[in-house]
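Morning, everyone. Let me put the structure up, and then I'll walk you through a few spots in it.

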Amino acid sequence: MLFDFNDSHHKYREVFDEFPDIENFDFRFTTCSCGSTRSFVISTVSRHKNFMPIVACADCGTLRANPYFTAETATHYYGKVYGKVKRAAMTPEKLFADQRQRSLAPMLGNLSEAFETVLDFGGGAGGKMFDLLEKGKTVFLHEVEDEYSQFAYTQGIQPYDKTQKYDLVVVSHVIEHMIDPSTQMADLIRDCCTENGLLFVATPIIDRQRARQWLHHFHIAHKYYFTHDSLIGLMAGLGCTLVTHNNADGFLFRVGGEPDQDFIAECYARGAQKTRSLVEAESKPTLKRLLQFLRNWRPVPNSSKGV
């Protein structure tokens, strides 16, 4: 295990209670998004020093929180807790400005002739898509937090219309929040994407850094943490073909293909190997780890004394 809740030497971000009254809500154990039940423990703590078991799938390399929210717990968390805890100081204006700094227009610019309508699914205040709006695209927003969506509408972004399908659907830093990404992404593709349309997915990719850096990703709002290959494998299983990626966190797919089971298996095998290699690299003994162990070591009292 890389990160133990009981260890005192981890470097945390802000330390606070991520889910007040968590003991009153239900969690359940789940299989991986690839369908596997085989896993090994990576961590028992979040970046905010909350207890949070994280396991790595032995068959695809994806990390996930396990156990995790039930659907009812997720509804409560995102409706009553998430905004107050995670975005308490984030006004719509600030979020919009921050998102504009991370515009997706540069990555999608070369493909601008391939789409006219855009759905920003879970897009906050809509800032990442605003440059596309200024370039003449029609941009729609699906966002559950009304404060942010209402601000986006004042900027010319339109409300999501469930009767319409879209040339480009953007799911930016949303899939890691999903309880069942395979089912939920399949529903989104069916309900929102035009035939052979484009789907942009952005999410933290764990194998782009050393395993020792993973802790700063772990927090209770994120269930899944994909590798480059495990995400491509998941999407391939939904009939999505990779068009391009940005070597960071963004992947552009074309929907409407047929799943290739051999390709999917190859993706998952590569993902599993990468995760194992990264974990093993951090588990090798080094002088630094030995000194760290000695600094934190405490003698265990002899419980048999006097017997």
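Before I name any strands, a quick definition: two strands pair if DSSP finds at least two bridges between them. Helices (H or I, at least four residues) and strands (E, at least two) are DSSP runs, numbered from the N terminus. Two housekeeping points: this is a predicted model, where local features need pLDDT of at least 70, side-chain atom pairs count only at pLDDT 80 or more, and totals for chains, interfaces and linings use all residues. Residues are numbered from 1 along each chain as its sequence is written, and side-chain values use heavy atoms, with hydrogens and water left out.

Okay, start with the open sheet. Four strands build it, in the order β2-β3-β4-β11, with antiparallel pairing. β2 and β11 (224–225) are the edge strands, each pairing on one side only. β4, residues 63–65, is joined to β11 by two bridges, and these strands run antiparallel. Look for L63: its bridge partner in β11 is Y225.

Leaving out neighbours within four places in sequence, N50 is in contact (heavy atoms within 4.5 Å) with F5, F16, D17, E18, F19, T44 and V45. With E18, a polar atom of the N50 side chain lies 2.9 Å from the backbone nitrogen.

Next, the parallel strands. β9, residues 166–172, is mostly covered, with six of its seven residues buried. Three bridges connect β6 (residues 117–121) to β9, running parallel, and D120 stands opposite V170 in β9. Six bridges then join β9 to β10 (residues 193–202), also parallel, with Y166 facing C193 in β10. From β9 the chain crosses through helix α6 (residues 181–192) to β10, and this β-α-β crossover is right-handed. Right-handed here means that, with the strands pointing away from you, the path from the first strand over the helix to the second runs clockwise.

Last stop: aromatics. How many aromatic pairs does the structure hold? There are 18. Rings of Phe, Tyr and Trp (its six-membered ring) pair if their centres lie within 6.5 Å; planes under 30 degrees apart are stacked, over 60 edge-to-face, and the rest tilted. F19 and F69 are an edge-to-face pair, 5.7 Å centre to centre with 90° between the planes. F19 lies in the segment before β1 (27–28) and F69 in β5 (residues 68–69), so this pair ties together parts 50 residues apart in sequence. Both F19 and F69 are buried.

Y78 and Y82 form a tilted pair, 5.2 Å centre to centre and 50° between the planes. They're four residues apart in helix α1 (residues 71–86), so about one helical turn separates them. Y78 is partly exposed at 26% relative accessibility, while Y82 is buried at 13%. F19, F25, F27, Y68, F69, Y77, Y78 and Y82 make up one aromatic cluster.

Methods
Polar contact = N/O pair within 3.5 Å; in protein donor to acceptor, adjacent residues only side chain to side chain. Buried < 20%, exposed > 50% of the residue type's maximum accessible area, 1.4 Å probe, protein only.
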